[in-house]
Each structure stands twice: as C-alpha cells, then as structure tokens.
Amino acid sequence: MSNARKDWVDYAKGIGIILVVYGHLLSSGYHIGLAIPKHFFELSDSIVYTFHMPLFFLLAGLFAEGSLQKRGAWGYLKDKLLRIAYPYLVWSIIQISVEILFSSQTQKKAEFSDILKIAYRTWGQFWFLYALLLMFIVFTLIKQTGKFSMPLLYFTGVILFFKPLHISTAALLGFSTHFLFFILGIGLRRWLMEKNTLSLQPWAILL
C-alpha cells in the first residue's frame with residue numbers, strides 16, 4: 001500500500017481548521033456582547049467543540065504507528081519534541097508577550113510570570129500541542145509492550161475517556177478526554193491497510 005496521504009485527510013484537516021476559527025470567533029463575539037442569540041451560540045459551540053478536537057486527534061493518530069516503525073522509539077520521540085514541544089514553547093512565549101503588551105484590549109490578562117509557567121501550565125489554545133505530545137509519548141511507551149500494545153492502548157483510551165483526569169496542569173484533562181480518538185486513528189489506519197487503501201467511501205467520511 002502506498003504511504004501517500006489521500007486528499008480526504010487534508011480535507012478533514014481543513015474542515016477542522018475552519019471550525020476552530022469559527023468557534024473562537026463565535027465565542028469571542030458572544031462574550032463581548034455582539035447580538036448573537038444565546039440558543040444559537042450554545043448549540044453551535046456544543047457542536048463545534050464536540051467534533052473538531054476529536055477530529056484533529058484522530059487524524060494525528062492516523063500516521064503515528066507508521067512513523068514510529070520508521071524512526072524507532074528514540075528517533076520518533078526526538079522528532080516529536082522538535083515538531084511539537086519547540087513550537088509550543090516559542091508560540092506560547094510570543095502569544096503571552098503580545099497579550100501583555102495589549103492587555104488593555106484582551107479578554108484574558110497575561111503577566112510575565114505566565115511565561116515561566118508554560119512548562120506545566122498551558123496557555124490558551126496551545127493545550128492542544130501539549131496534550132498531543134503526551135499522546136505520542138504514552139503511545140510510544142505502550143507500544144514497547146509488543147503484541148499486547150493495541151489492546152492496552154484501547155483499554156487506556158476507554159478508561160481515560162470515561163474517567164478523565166480533571167487536572168488543569170500539563171493539559172492532562174485534554175489529554176485524557178481525547179486520547180481514545182488518537183487511538184481510534186491508529187485503528188482506522190490499520191483497518192484501511194487491511195483493505196489495501198487509504199481511501200474512504202463518502203458514507204465513511206461522513207460518519
């Protein structure tokens with residue numbers, strides 16, 4: 001089977017990005033007092049936020065196993081640190097600094113002390129990167145158990161989904177509530193590999 005990514009994967013990412021922008025604009029507009037009906041805001045906010053983040057994590061898991069097999073555990077984790085941890089630190093510092101400079105015009109007040117806390121307390125939307133890095137680390141560690149790794153991954157994902165870690169530190173809540181979708185992405189790719197394709201039928205994409 002070719003490892004080339006199919007168009008539907010990129011389309012799905014594009015849809016997710018559009019929903020992220022829509023969700024943030026809608027929330028910001030509503031909370032600053034724009035004439036957005038409350039029932040419309042609550043319904044839209046609920047639909048968007050119960051879909052687009054699980055979608056992103058599922059797509060992240062789609063190619064995780066192949067990359068791990070190609071790079072090996074240490075090479076894989078090093079790659080994720082460079083691709084995720086480094087951007088997380090850089091962009092968190094940039095955003096907090098900008099919000100400090102324009103604190104009189106932002107909803108959330110930032111302080112210089114917040115920059116020192118980003119190693120364990122995520123800022124704004126960057127919880128996604130922190131949670132994603134945790135997923136890659138946990139996935140890599142569990143994969144070292146060999147033939148029992150996939151059942152253990154599913155078990156861990158289900159337990160965390162129904163018994164999430166209600167801890168704001170280190171994006172543990174976001175990690176625990178979304179890890180199952182990351183694992184489902186791995187399972188989806190395995191299923192597609194068995195069918196010798198990375199394509200999906202329209203009904204499957206909709207589902």
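Rings of Phe, Tyr and Trp (the six-membered ring of Trp) count as an aromatic pair if their centres lie within 6.5 Å, with planes under 30 degrees apart called stacked, over 60 degrees edge-to-face and the rest tilted. A search of the whole structure finds 13 such pairs. The model is a predicted one, in which local features need pLDDT of at least 70 and side-chain atom pairs count only at pLDDT 80 or more, whereas totals for chains, interfaces and linings use all residues. Residues are numbered from 1 along each chain as its sequence is written, and side-chain values use heavy atoms, with hydrogens and water left out.

**View 1. Overview of the protein chain, with ten helices and zero strands.** Helices (H or I, at least four residues) and strands (E, at least two) are DSSP runs numbered from the N terminus, and read along the sequence the pattern is α-α-α-α-α-α-α-α-α-α. Of the 207 residues in the protein chain, 39% are buried, where buried means under 20% relative accessible area, exposed over 50% and partly exposed in between (1.4 Å probe, protein chains only). Taking contact as heavy atoms within 4.5 Å, 67% of the contacts between residues at least 6 apart in sequence join residues at least 24 apart.

**View 2. The stacked rings of Y30 and F41, one of the 13 aromatic pairs.** The ring centres of Y30 and F41 are 4.0 Å apart and their planes lie at 5 degrees, so the pair is stacked. This pair links distant parts of the chain, with Y30 in helix α1 and F41 in helix α2, eleven residues apart. Y30 is partly exposed, with a relative accessible area of 24%, whereas F41 counts as buried at 8% relative accessibility.

**View 3. The edge-to-face rings of F136 and F182.** Here the ring centres are 5.3 Å apart and the planes of F136 and F182 stand at 90 degrees, so the pair is edge-to-face. F136 belongs to helix α7 (residues 127–143) and F182 to helix α9 (residues 172–194), 46 residues apart, and both F136 and F182 are buried. The two rings are part of one aromatic cluster formed by Y76, F136, F139, F175, F179 and F182. K80 lies over the face of F136, at 4.4 Å from the ring centre; a charge sits over a ring if NZ of Lys or CZ of Arg is within 6 Å of the ring centre and within 35 degrees of the ring normal.

**View 4. The buried and exposed faces of helix α2.** The buried residues of α2 are F41, S44 and V48. Seen down the axis of α2, these buried residues fall within an arc of 75 degrees (taken from the directions from the helix axis to the C-beta atoms), so they line one face of the helix. What covers them includes α1 (7–31) and α3 (52–62), while the face turned away from the buried side carries the exposed residues K38, H39, L43 and I47.

**View 5. E65 in helix α4 (residues 64–71).** E65 counts as buried at 7% relative accessibility. A polar contact of 2.5 Å joins the side chains of E65 and R190; such a contact is a pair of N or O atoms within 3.5 Å, of which, within protein, one must be able to donate a hydrogen and the other to accept it, and residues adjacent in sequence count only if both atoms are side-chain atoms. Not counting residues up to four places away in sequence, E65 touches F139, K143, M150, I186 and R190.
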